[in-house]
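Please examine the sequence and the structure shown below before reading further. The explanation then leads through selected parts of the chain.

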Amino acid sequence: MVDSHDPESAESCSLTEDDVEPKLKYVRMSNDIKNILSEEAISCIAVHPRFLCLGTHWGRIHMLDHQGNCVHTVINAKENTHILSVNKISVDSRGEQIATCSDDGKVIISGLYTDENNQVLSTGRVIKAVELDPNYHRSGSGRRFIIGDNKLVLYEKTFLKGLKSTILSDSEGQVTAIKWNGQFVAWASLLGIHVYDLQEKCSLGFIQWEEPKDGKLTDFRCNLNWSNSTTLLIGWVDTVRICVIRKRNAIEVSTRNLPVHIVDPMSTFQTDFFICGIAPLETNQLVVLGYAKERDSETNKALRPILCVLQYNASDYIEICTDSLSMRGYEEYKCDDYHLDCLIDENQYFIVSPKDVVVANLYETDDRVQWLIEHGKFEQAMDVIVKHGGKYSLITVARLYLDHLLSQQQFDEAARLCQRVFGTDRQLWEEEVYKFVKVKQLRSVSNYIPISDACKLNPHVYEMVLYEYLQLDPAGFLRLVKEWPPGLYNTKAVINAVNDHFNKKDANILLEALAILYTHEKEFDRALTMYLKLQHKDVFELITTYNLYGMVKDCIVQLIELDSDRAIAMLLKDKIPAEDVVRELEQCEQYLYRFLDAYDKVKSNEKFHWRLVTLYARYEPEKLLSFLKRSNSYPIQEAYDICQGLQFYPEMVYLLDKMGSTREALAIIMHNLQDVAMAIDFCKEHDDMDLWNDLLNESVDKPHVMTKLLNSIAGFINPELIVDKIKPGQDIQGLKESIIKMLCGYSLQVSIQEGCNEILGADYFDMHERLVRVQQSALAVSTENVCGVCRRDLLVKDSKTDIVMFNCRHYFHEPCLLDKYNLDICIVCNTKKLGTKGTF
């Protein structure tokens with residue numbers, strides 16, 4: 001179909017902007033049509049799904065298949081169908097009948113398989129348009145056809161009279177175009193377009209067309225096409241109009257005597273070129289063949305025709321793509337020399353010039369993918385494959401895209417592409433990752449390379465990545481060593497590589513990496529050494545994770561220096577004996593103190609308290625007193641000596657008190673601490689008269705102390721003692737008030753004691769009276785009572801056995817008692833008491 005020897009073959013018949021994806025692909029028709037075009041020029045075309053017909057300016061009709069090969073039919077056998085140019089060809093829907101018209105005034109209808117319905121009609125006038133009934137092939141259809149000269153005439157075959165003609169409309173001049181669709185016929189005259197309803201036999205409307213600014217309407221062919229049963233496409237001069245035939249409201253039809261249908265224009269817009277043909281594409285899209293309004297600036301000849309794909313709305317359009325067509329001899333042609341016909345169901349378009357036929361097809365999936373690849377639009381190509389499939393595989397395009405990205409040095413995008421497309425395909429990863437090796441960009445793919453068990457690559461791949469990082473980015477090397485599972489690669493090989501490339505500049509980074517690698521190899525002693533050398537805090541995680549406590553006995557000080565909190569918390573886990581820790585910390589008292597302080601908080605063991613006295617006194621004296629109070633595991637005398645040497649008076653008071661030297665303790669309170677309130681409280685706590693006397697003796701010459709004593713001693717000592725100590729004439733501020741307060745307090749205390757005594761006496765007599773009353777009350781005996789020993793009924797008929805009853809409500813047969821002469825205690829209650837005592 002494509003003429004590969006033609007310099008203007010399919011590759012050169014269209015020119016499209018490189019960055020706009022084309023909608024159509026083009027193939028120049030060849031084969032037998034080349035011989036036809038070498039002798040004749042095409043004047044019109046009609047396309048059917050089975051064939052196409054070409055009319056020439058010599059009056060001939062040529063029938064070909066869609067590849068340009070002649071079809072052997074009666075049509076091709078005729079020499080000249082007409083003697084002048086063929087103006088129009090019409091084919092019925094089944095492709096069995098062909099109608100042609102010409103300037104010679106003849107309308108000829110020929111059957112492809114039979115001549116039964118052939119017609120030759122001579123009008124004597126120029127016929128520009130003829131249209132067969134789409135159902136012409138059907139028997140009983142009337143074999144109708146319409147021609148247009150200076151009026152529109154419908155012909156139909158009758159049984160007796162032959163052809164019957166009916167004038168549908170007296171035209172406003174020459175009829176230039178006719179399109180038949182079901183019951184509707186659209187036709188163009190010199191003034192505009194009419195739409196006729198063959199069922200109602202009336203015109204549905206007239207669409208008047210404006211005269212162009214340059215030239216006349218008669219200078220341009222009107223192009224009509226139906227996109228479906230009710231949508232009419234019109235392209236004339238440089239204006240496109242889309243009209244829809246709709247039904248009127250039933251009430252409107254009946255009341256106003258109007259046709260059932262009406263023609264509504266739904267879109268009208270003007271183009272930048274003259275229109276040579278119009279055809280439908282997809283929803284709201286058109287294919288328009290255009291002729292440039294401008295001419296070549298150098299030669300003043302015509303420019304290439306264009307084929308545009310437009311998306312229209314109410315008053316304008318969007319140009320989706322435009323292709324310039326290199327038709328043979330385009331420089332010499334006028335607008336009406338070009339024709340456009342189509343197969344709507346197949347989205348196939350035939351562009352015709354006098355010396356050329358080019359077939360345009362919608363880009364199929366594979367065509368789109370190929371174009372997108374050629375223009376570097378790989379993402380869009382992959383989207384098309386995902387949605388529509390085709391011969392191209394997603395992997396094939398992804399590999400091409402990967403090569404493109406690497407060539408453009410877009411390494412990170414290339415790595416993301418691998419992750420997105422290759423997923424968990426181990427083979428693809430191993431094949432394509434070597435492309436990154438060649439450009440030394442394994443670092444870019446390292447974040448995306450699969451590391452899960454579901455897609456684990458060859459260890460050599462991961463080692464190559466690590467080796468590149470080691471050479472070019474040591475910090476990145478360390479990051480990967482931390483992130484990647486050790487099972488991905490040979491850790492020994494990586495350790496050897498690190499040792500071979502070790503340098504002082506990156507020493508810390510490489511040592512940390514070695515520590516991790518040695519950990520993976522279970523060489524914990526080396527890993528521990530590395531971490532301690534680096535003073536790296538990951539050493540604690542290493543010790544706890546792998547239970548390396550036995551290895552750290554000799555480096556406890558180093559661990560505390562690195563992070564005292566974490567080190568001490570680790571040491572408190574009892575993995576290392578506390579005695580060993582204390583022994584290691586002997587030379588570092590501050591660390592020893594921090595450890596023992598923490599140890600004391602979590603352990604109930606008091607075996608190191610003797611060391612803590614000295615350590616608290618030296619490093620945190622404020623904690624010493626509370627420690628002394630809660631512990632009993634330290635030598636008191638040594639503790640006192642330490643406190644005495646450091647003049648820790650509150651601690652000394654406590655220790656003296658603990659040793660029984662209360663009078664010395666009180667002396668320290670009075671002389672060293674000079675805290676009267678503390679001294680009074682101390683005396684109250686011990687309630688020792690010797691202490692009170694010491695305190696009184698110390699306070700005689702101190703009026704302010706006497707005042708405090710008078711206010712505080714009520715209830716503890718006789719007020720007369722302190723009053724007797726006051727020297728006559730001694731000036732004591734607030735003495736009167738203090739004595740009154742003291743006496744009032746003393747009197748109140750005496751009153752309270754008397755009241756309590758009265759209450760106790762009354763309660764005693766009430767309780768005694770209640771006890772006597774209870775003991776004097778009767779005890780009831782019933783048949784339901786049982787003996788507390790034998791558990792038989794207490795009362796038995798005709799029995800003369802005596803019964804013993806206790807106030808505790810226990811009953812016995814007298815013979816059942818072991819010692820009937822000892823009846824002071826109930827044996828049941830006594831047994832309970834003995835049993836209770838035995839539980840302690």
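Predicted model: local features only at pLDDT ≥ 70, side-chain atom pairs only at ≥ 80, totals over all residues.

Strands of a sheet pair through backbone hydrogen bonds, either parallel or antiparallel. Here, 4 strands form an open sheet with antiparallel pairing, in the order β6-β7-β8-β9. From one strand to the next, the twist averages 10°. Within this sheet, β7 (residues 97-102) and β8 (residues 106-111) run antiparallel and are joined by 5 bridges. One of the residue pairings links Ile98 to Ser110, its bridge partner in β8.

The next subject is backbone geometry in loops. Lys522 lies in the loop between α13 (507-520) and α14 (524-534). Although Lys522 is not a glycine, it has a positive phi of about 65°. Gln674 is placed in the loop between α24 (662-673) and α25 (676-686), and its phi, near 50°, is likewise positive in a residue other than glycine. Are these residues buried or exposed? Residues count as exposed when their relative accessible area is over 50%. Lys522 is therefore exposed, at 53%, and Gln674 is exposed because its relative accessibility is 62%.

Finally, the surface itself deserves attention. Val781, Leu795, Ile803 and Met805 make a nonpolar surface patch of about 280 Å². Of these residues, Val781 is located in the loop between α29 (735-776) and β29 (803-805). With a relative accessible area of 33%, Val781 is partly exposed.

Notes:
Residues numbered from 1 in each chain as written. Heavy atoms only, no water. Patch = residues over 30% accessible without salt bridge, like charges linked within 9 Å, V, L, I, M, F, W, Y side chains within 5 Å. Areas by Shrake-Rupley, 256 points an atom, 1.4 Å probe, with all protein chains shown as cover. Salt bridge = Lys/Arg side-chain N within 4 Å of Asp/Glu carboxyl O. Helix = DSSP H or I, 4+ residues; strand = E, 2+ residues; numbered from the N terminus. Buried < 20%, exposed > 50% of the residue type's maximum accessible area, 1.4 Å probe, protein only. Pairing = 2+ DSSP bridges. Axes fitted to C-alpha atoms, helices over the stretch in contact; angles between N-to-C directions.
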